[in-house]
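Hi everyone, thanks for coming.

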Amino acid sequence: MFMPNTKETAVTKRDEALAKIDDYFDSGHFEKELARRISYKTESNLTGCETVLASYLEDEMIPYLVELDFECETYPNPRQDAGPFLVARRNESDDLPTVMTYGHGDVVAGYDGQWDNDMNPWAITKRDNRWYGRGTADNKGQHTINLAALRSVLETRERLGFNVILLIEMGEERGSPGLKDFCAKHKHLFQADVFIASDGPRIHPDKPTIFMGSRGVFNFIMQLNVHDGGHHSGNWGGLLTNPGVVMANAIASMIDKNGKILVDGWRNTNIPSSVRSAIAKLEVGEGENAPQINPVWGEPDMTPGERVFASNTFEVRAFETGNPKSPANAIPPSAVVYGHLRYVVGTKVDQLMPLLRAHLDRHGFQDIEIISERDPMYATRLDPDHPWTQWAIASLNKTNGENISVLPNLGGSLPNDVFADVLGLPTIWVPHSYAGCSQHAPNEHILEGTTRSALRLMTGLWWDLGSGNAPKHAKNVSQ
Ligand SMILES: [Zn+2]
């Protein structure tokens, strides 16, 4: 007996917007748009790139955005040696929610000539399920997806139902010079209810993912200079301190052989229950070319997922004494360790150096000098139970048809503190790439299936943002 199910057969306007974005992809328009953006050699790490960095905004992004009724303004970078910022706004009504979104138009060096099959980094080459080209994954593909999804909603609904503030920077691959100062100085430009943007990898190419922050990273150097030069070990061995041995003992005092941190105050074992239960649903350490994980490495009494997403981890990145390339029979003059700590929200980053100093002094390593390598990247994390997180999860699940993966924060680091701390916004990232995308090497690529699904997810998300059931304005909540 045939029973029509009106609920399932009725095509909603949301479905129409999704069909429109499928068509945009299937008809080759996405490829055309992305190829045009990939052709700009926006290698921000190379000197002489200033003209093309500005041109990406002026000649590519602004004409596209003006057509969608954005008001566009470019601003010089407060750092004279760095690329400009584009701020584009589309305002429908002050009563509607406002989303801030973000992308970066710069890429790392193209490494022309080093790609497989002599592929051109500045064009799209399709092979099987992969689309190769510099910036396809990081970040031109990702902001192209998000803006195309926005346009699909606009064309279907004839309005968005929300306001948008878009920031595009041209220096992310250089560590976002000037971004923090620019946002701090122009806070009034970024009054929004929520931040939603895309960069970085999904947890697995087939598993749509959101993350709400990232671990921070604190880089430092430990240096021990004992002698002016090397001394013959036959004449002096037994009489002179070996700095390599002292340094090895210092490291051993800081971390045990299973990766447990021993420096007082450096561990962070406090995991909020909402974060713990989000992590429990994730599978970690999977994927193409993934190395074998060590189940007993790191913070004891934690799961592997908790260790990488919710604990602090210390690494010796490099350690040198003497001349490893040509070892002499000598006592080396010095030893150096390049270390770093990845850390989660709740860790007092300005205490990390003093705590290490106190630890080394207490263990008799007063002669080891500690040098902070550069400004730390700060840790951020929005609670998985936050109303905006829950709203985003529901929307993405609705489009995806099954549960998406929720990372409270990335294990890696990104400048999310600018948006979360300086601008005070709830931050939600929907990454469209995957860990094997070679984003900073030759052969950068996106996956066709992942990209098509990302276009749908973002169309659904923007649609739902304008449907009137998004969480209340932050402005109203705080009053
Ligand atoms: Zn990058």
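Let's begin with contacts, where contact means heavy atoms within 4.5 Å. Of the contacts in the protein with a separation of 6 or more, 80% are between residues 24 or more positions apart.

A quick word on the ground rules. This is a predicted model, in which local features need pLDDT of at least 70 and side-chain atom pairs count only at pLDDT 80 or more, while totals for chains, interfaces and linings use all residues. Residues are numbered from 1 along each chain as its sequence is written, and side-chain values use heavy atoms, with hydrogens and water left out.

Now the overall picture. The protein has 15 helices and 19 strands; helices (H or I, at least four residues) and strands (E, at least two) are DSSP runs, numbered from the N terminus. The radius of gyration is 25 Å, close to the 23 Å that the globule rule gives for 479 residues, so the protein is as compact as a globular protein of that length. That radius is taken over C-alpha atoms, and the globule rule is 2.2 Å times the number of residues to the power 0.38. Along the principal axes, the C-alpha atoms fill a box of roughly 90 × 50 × 50 Å.

How much of the protein is buried? Buried residues make up 52% of the 479, where buried means under 20% relative accessible area, exposed over 50%, and partly exposed in between (1.4 Å probe, protein chains only). The accessible surface comes to about 22,100 Å², and 48% of that belongs to carbon and sulfur atoms. Those areas come from the Shrake-Rupley method with a 1.4 Å probe.

On to charge. There are 45 positive and 61 negative side chains, and the centres of the two sets lie 3 Å apart. Here Lys and Arg count as positive and Asp and Glu as negative, with His and the chain ends not counted. Each charge is placed at NZ of Lys, CZ of Arg, CG of Asp or CD of Glu.

Next, the aromatic rings. Rings of Phe, Tyr and Trp (its six-membered ring) pair if their centres lie within 6.5 Å; planes under 30 degrees apart count as stacked, over 60 as edge-to-face and the rest as tilted. By this rule the protein has 20 aromatic pairs. Take Phe195 and Trp429, a tilted pair with 5.3 Å centre to centre and 55 degrees between the planes. Phe195 sits in strand S7 (residues 194-197) and Trp429 in strand S18 (residues 427-429), so this pair ties together parts that are 234 residues apart in sequence. Both Phe195 and Trp429 are buried. Phe218 and Phe220, by their angle, are stacked: 5.3 Å centre to centre, with 25 degrees between the planes. Phe218 and Phe220 are both buried too. Ring pairs also link Tyr102, Phe195, Phe211, Phe419 and Trp429 into a cluster.

Let me turn to some backbone details. The peptide bond from Asp138 to Asn139 is cis, with omega near 5 degrees, and Asn139 lies in the loop between strand S5 (130-132) and helix H5 (140-157). Ser176 is not a glycine, yet has a positive phi of about 55 degrees. You'll find Ser176 in the loop between strand S6 (163-169) and helix H6 (179-185), and at 10% relative accessibility it counts as buried. Asp301 has a positive phi as well, about 60 degrees, and is not a glycine either. Its loop runs between helix H9 (273-280) and helix H10 (304-310). Is Asp301 buried or exposed? With a relative accessible area of 78%, Asp301 is exposed.

Asp301 also turns up among the contacts of Glu306, together with Ile271, Arg276, Ile279 and Ser311, not counting residues up to four places away in sequence. Glu306 lies in helix H10 and is buried, with a relative accessible area of 6%.

Lys398 lies in helix H12 (residues 387-400) and counts as exposed at 56% relative accessibility. Leaving out residues up to four places away in sequence, Lys398 touches Arg14 and Asp464. Met377 is in the loop between strand S15 (369-372) and strand S16 (380-381), and at 28% relative accessibility counts as partly exposed. From Met377 to Asp417 is 40 residues in sequence and 8.0 Å in space, C-alpha to C-alpha.
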